[in-house]
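Welcome! Take a moment to look over the sequence and the model, and then let us walk through them together.

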Amino acid sequence: MGKRGTLLLLVLVLFSALVASVGAYEYEEEKSEQRTQGEKWFLLRQLHNVVKTDAGSMRMVKGGYRPDSFLHSPMHIGFISMEPNSLFIPQYLDSDLVIFVHHGEARVGHIYRDELAERSLKQGDVYTIPAGSAFYLENRNENQRLRIICSIGITSESMGWHAFQSFFIGGGIHPASILAGFDHTTLSTALNVSTAELKTFLTRQTSGPIVHLSGSHDTNIWTNFIAQECHKKLAHLKRIVNSAEEASPKEEESTWSLRKFLCTLLSRKGFVKRMNHEAPSSYNLYNRKPDFKNEYGWSKNVDESDYSPLQISGNGVYLVNLSSGSMMAPHVNPRAIEYGVVLKGTGRIQIVYPNGTLAMNARVQEGDVFWVPRYFPFCQIASTNGHFEFFGFTTSARRNHQQFLVGKNSLMQRLRGPEFAAAFGIGEKRLKRITNAQHEQVILPSSSPTPGDKAIYEF
């Protein structure tokens, strides 16, 4: 009987251990599924090709409603890459555009108050182009590729297209010009040319939206156009403009003024005048002094009080650099949704749900895009093998006033008192000791993780 009892007890112990291990496995599996779901929602890793030619490309991670969630991301993030001596042909968008020159130099032309304004942009420059304003981008450098990161707002009008929409002014077969949509009989009458000549005119461009302007590639209509004398350019463009206006006589002229744009586009005689136009200049983020800096890193934030054109799009921009192993303290954005693009290094992004559970703890590297909904607590942690730098946009042009949850001058410091101690179920002395343990603020130093925290800090 004693042996039987001992055997029964052993079976019960083994069964209990098995149940516990299964329960622990299910719990870990559930946490893993939650983390995976969080990465699907908050990491925007699915790049879509918008434009792709031999001369360059534009790729985009889409915003909109996240699948299987209640979350809405109101912004697309675009990546434009242009080969040396290339042109992104004239177009206008149904969305506001904020561009950041990540690498190289560019020349941008767009309509501002019914005139063509041109600006030369260098690395670190920020520039805004309003929705409906015709513009073009040119990489005039002979040896350097141009890379631009841009925010593309999702408007109520563009939602129907499921993404932003480009309207190309110039074009042919690829891309099609907006002029091609008019009835050919009407358009040929307006241009006073034969339908045969009209057909040739509307089908010559086949190089795509980004074209080479270099003699080392096949000559195209944009190269020929630039080589024309000024009076020939103007005569040619006026015929295009008049045809568009006659083909749709009942429509009012758009605020971006197709006539003004085409009749001064690439006219080198008016270059100095256009450069001195009243249009805003660019804003260089790299030249700005850090808004916060300590030995563990720095951060820069630009809003409408620093650069008034951001009022147009309603966005802010920022740049953060964290030293090896350091952390941007857990904080909350009370005014805006935040988007980030990793420029250098590797790190981790942690995001917390409103119910206090971990939404995401993801490793990110150069080129990754993440976003954080308004009010969601989050932090960024640099890996221990180098600096971690990320640039991004916010959905408010007003000063954000980030609320830091921990560290010196944080919410924990300001709320310190009997009420806050009671909320944690501890005494005031203990709360004071905990809140005063961290002497740094905003960007915090690295620390040696305990064995239980190894997974959080290990890269």
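A residue is called buried when its relative accessible area is under 20%, exposed when that area is over 50%, and partly exposed in between. Keep this in mind as you explore, and remember that the model is predicted. By that rule Y339, at 1% relative accessibility, counts as buried.

With one residue placed, let us step back to the whole protein. The secondary structure comes to twelve helices and 27 strands. Of the 459 residues, 47% are buried. Among contacts with a separation of 6 or more, 73% are between residues 24 or more positions apart.

A search of the whole structure finds 14 aromatic pairs. One of them joins F100 and F391: the ring centres are 4.0 Å apart and the planes meet at 15°, so this pair is stacked. F100 belongs to strand 7 (residues 97-103) and F391 to strand 25 (residues 388-394), so the pair ties together parts that are 291 residues apart in sequence.

Now return to Y339, which forms a stacked pair with W371, at 6.1 Å centre to centre and with 20° between the planes. This pair, too, links distant parts of the chain: Y339 lies in strand 20 (residues 338-344) and W371 in strand 23 (residues 369-372), 32 residues apart. W371 is buried, with a relative accessible area of 0%. Y339 and W371 also belong to one aromatic cluster, together with W41, F42, Y353 and F376. Elsewhere, a ring meets a charge: the charged end of K300 sits over the ring of W298, 5.0 Å from its centre.

Charges can also meet each other. Side chains of opposite charge can pair when their charged atoms come close. The whole structure holds nine salt bridges. In one of them, R107 and E118 bring their closest N and O atoms to 2.2 Å apart. The two partners are eleven residues apart, with R107 in strand 8 (residues 106-112) and E118 in strand 9 (residues 115-121). R107 is buried at 2% relative accessible area, and E118 is buried at 0%.

Another salt bridge connects R140 with E138, where the closest N and O atoms are 3.9 Å apart. Here R140 is partly exposed, at 44% relative accessibility, whereas E138 is buried, at 5%. D306 and R288 make a further bridge, with 3.5 Å between the closest N and O atoms. Both lie in loops: D306 between strand 17 (297-302) and helix 8 (310-313), R288 between strand 15 (283-284) and strand 16 (292-294). D306 is partly exposed, at 27%, while R288 is buried, at 14%. Which residues do shared partners join into one network of salt bridges? They are R107, E118, E138 and R140.

N85 has a positive phi of about 55° although it is not a glycine; its loop runs between strand 5 (75-82) and strand 6 (86-93). N409 likewise has a positive phi, of about 60°, without being a glycine, and its loop lies between strand 26 (403-404) and helix 9 (411-414). N85 is buried, at 12% relative accessible area, whereas N409 is partly exposed, at 43%.

Key: Residues are numbered from 1 along each chain as its sequence is written. This is a predicted model: local features need pLDDT of at least 70, side-chain atom pairs count only at pLDDT 80 or more; totals for chains, interfaces and linings use all residues. Side-chain values use heavy atoms; hydrogens and water are left out. Rings of Phe, Tyr and Trp (its six-membered ring) pair if their centres lie within 6.5 Å; planes under 30 degrees apart count as stacked, over 60 as edge-to-face and the rest as tilted. Helices (H or I, at least four residues) and strands (E, at least two) are DSSP runs, numbered from the N terminus. Buried means under 20% relative accessible area, exposed over 50%, partly exposed in between (1.4 Å probe, protein chains only). A charge sits over a ring if NZ of Lys or CZ of Arg is within 6 Å of the ring centre and within 35 degrees of the ring normal. Contact means heavy atoms within 4.5 Å. A salt bridge is a side-chain nitrogen of Lys or Arg within 4 Å of a carboxyl oxygen of Asp or Glu.
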